[in-house]
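Here is a friendly walk through a two-chain model, written for someone who would rather look at a structure than at a list. Keep the viewer open and follow along.

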Amino acid sequence: MNHPTEFPASRDEVCVVAIAEAFRGDGEILCNPIGTTPIIGGRLARATFEPAMVMTDAVAVLAANILPVGDDDAERLVEAWMPYRDVFDVVWSGRRHIVMGASQIDAHGNQNFAAIGDWHRPKAQLLGLRGAPGNLTNHATTYWIPHHSTRSFVPTVDLVSGPGYDRVAPLSAFIRANHEIRRVVSNLAVMDFDNPGKPDAPRRMRLRSVHPGVTVDEVIEATGFALDLPDDVPESRLPTSEELHLIREVLDPRGLRKAEFGG
Amino acid sequence: MTEDDVIARLSSGMTIGIGGWGSRRKPMSLVRAIARSNLTDLTIVCYGGPEVGILSALGKVRRAIYGFVSLDSIPLEPHFRQARQLGTIEVTELDEGAFYLGLLAGAHRVPFYPTRAGLGSDMMLMNPGLATVTSPYVDADGSYEELVAIPAFQLDASLVHMNRADPAGNGQFLGPDLYFDDLFAKAASATYLSCEKVVETGELLDEGSLHTIKIPRIFVDGVVESPRGAHFTECPPDYGRDEAFQRTYAATAKDPDAWQAFVDRWLEAPSHTEYLARLDSEVGKSA
């Protein structure tokens, strides 16, 4: 097993752990991360402190064993069939926590990965709304943004795919109770909305921790709106030696996570 | 039937549902038959893959109604992106789950199904025709919840591709996911089903369990035997996606000459048989 003092954790591994931490306390739900780094993070959480979670193999089954990311041929221990139609049933049941990307996000957590520019004839057509409108009105969501900059953390998003706290405030009690943006994890820091703040003001994004080697000022500089800043901003936690072993040897032996970090 | 027999039953201006999901088990031989036909002004309804890009680039599409458009291994469908950025097609973009409810309402012949998907997001802004309904039932806190009413899709025809079917139209999928193909069949006035292989009714259980025969013939109006009919999309367990071919297709969005060559060689192939012959000769060349 690797020892962290001999092989210090790199930024991508800190991000994996930050995503894993977003699932802490979730229990027996569908852990549904989208993308390489989020998938490693979700599988790490299940392999360590959230063993009750279920996860898809990215095709159509729930696999009970720990699969390496991006390996279509890895043998699956099938525990249930989960075709796309059943995924919607899980979404609407609320027993799901997704990790999605965001091309743009604002201070209240409004997310856009649909299009840049006027949606009638966008400057850049991106993924579209996908499942974001249904996800945000039904269950917990975490965002993963690998390039933290004023282009992605913006004062106003061009289009809202996933609604933030200000958009949800006037909606039904059901939606307000089920809507949750658990974390926003970037290559620089971890943000959250754990700041009820003033009674009539919707929640705003708060800086929760900065990754080792990153200063608070760097995060402020790279963010296009004012983050809520606690008096003390801790460092994001480092992976344990067990976690480093799992990330490097079991979950991502080919180092696919490095691609998102220019590696 | 042949692909061209199906096209003869379709007309310009129709709303056509297309089964599959992204670049998975798409009825591509039927899509190509539309591509080489005179049909135009179509509204296509789908969990979109290359059929949206191809038919949009050829000017066949007036409106696309979709839950997403993607080539899976290539997340953004380049011809669809181009059509959106040039403004050459109208779109009805719905949340993926909301799209399912539109199909389900169509299949069940009710005007709409309610959902919370879309409230708070710009799905409502993008679809000014979408209405909300108020629940007639009081909820726990004494209020009446407002929900989005996803209108039933009215499909003049649906096209789906199955692994197997019998001559009467009983359709069978052998892969990991049916997607929503049974609902496309049920929501349409007429459904044309292509398949890898037509087998006798008594042979349907030879390759798959009872649970795989998901489209009964009462929802099917014509069967086309179309081996490799989903190419270049995947059709497991019969074959996977032709990633090299898909990359070639995707690259044509940036190069008008390459696109014209792709149209001439692949989309204008006069029949599916000829398409397969051209495909096999390519393989021969590269081998």
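In strand 1 of chain A, A:Leu30 and A:Asn32 point one way while A:Cys31 and A:Pro33 point the other way, and all are buried. Buried here means that 20 or more other C-beta atoms lie within 10 Å of a residue's own; with 12 or fewer it is exposed, in between it is partly exposed, and the C-beta atoms are placed from the backbone. Helices (H or I, at least four residues) and strands (E, at least two) are DSSP runs, numbered from the N terminus.

Before going further, a word on the model. It is predicted: local features need pLDDT of at least 70, side-chain atom pairs count only at pLDDT 80 or more, and totals for chains, interfaces and linings use all residues. Residues are numbered from 1 along each chain as its sequence is written, while chains are lettered from A and ligands numbered from 1 in the order in which they are written.

**The sheet of chain A**

Strand 1 of chain A runs parallel to strand 4 of chain A, and four bridges join them. A:Cys31 has A:His97 in strand 4 of chain A as its bridge partner. Two strands count as paired if DSSP finds at least two bridges between them.

Both strands belong to an open sheet of six strands in chain A, ordered 1-4-9-10-11-12, with mixed pairing. Strand 1 (30-33) and strand 12 (206-210) of chain A are the edge strands, each pairing on one side only. From one strand to the next, the twist averages 15°. Axes are lines fitted to C-alpha atoms, for helices over the stretch in contact, and angles run from 0 to 180 degrees between N-to-C directions.

Helix 2 (residues 36-47) of chain A packs on this sheet and touches strand 1, strand 4 (96-101) and strand 9 of chain A; the helix direction makes about 155° with that of strand 1 of chain A. Contact means that the C-beta atoms of two residues, placed from the backbone, lie within 7 Å. Strand 9 (residues 140-145) and strand 10 (residues 180-186) of chain A run parallel, joined by six bridges. There, A:Trp144 is partnered with A:Val185 of strand 10.

**Two helices in chain B**

Now turn to chain B, where the axes of helix 2 (residues 28-35) and helix 3 (residues 50-57) come within 10 Å and cross at roughly 10°. That makes helix 2 of chain B roughly parallel to helix 3 of chain B; angles under 35 degrees count as roughly parallel, over 145 as roughly antiparallel, 65 to 115 as roughly perpendicular and the rest as oblique. B:Val31, B:Ile34 and B:Ala35 of helix 2 meet B:Glu51, B:Ile54 and B:Leu55 of helix 3.

How enclosed is helix 2 of chain B? Eight of its eight residues are buried, so helix 2 of chain B is largely enclosed by the rest of the structure. Among them are B:Met28, B:Arg32 and B:Ala33.

**Where the chains meet**

The contact between the chains takes 32 residues from chain B and 35 residues from chain A. On the side of chain B that touches chain A, helix 5 of chain B gives the largest share, four residues.

**The core and a loop residue**

The largest nonpolar core has 140 residues, and those touching the most other members are A:Ile19, B:Ile16, B:Ile44, B:Leu55, B:Tyr66, B:Leu103 and B:Leu193. Such a core is a set of buried Ala, Val, Leu, Ile, Met, Phe, Trp, Tyr and Cys residues joined through C-beta atoms within 7 Å.

B:Val110 sits in the loop between helix 5 and strand 5 (112-115) of chain B. With 11 C-beta neighbours inside 10 Å, B:Val110 counts as exposed.

**Backbone details in chain B**

| Residues joined | Omega |
|---|---|
| B:His231 and B:Phe232 | about 10° |
| B:Pro236 and B:Pro237 | about 0° |

B:Phe232 lies in the loop between strand 11 (222-225) and helix 9 (243-251) of chain B, and B:Pro237 is found in the loop between strand 11 and helix 9 of chain B.

Finally, B:Asp41 has a phi near 60°, a positive value in a residue other than glycine. B:Asp41 is partly exposed, with 13 other C-beta atoms within 10 Å.
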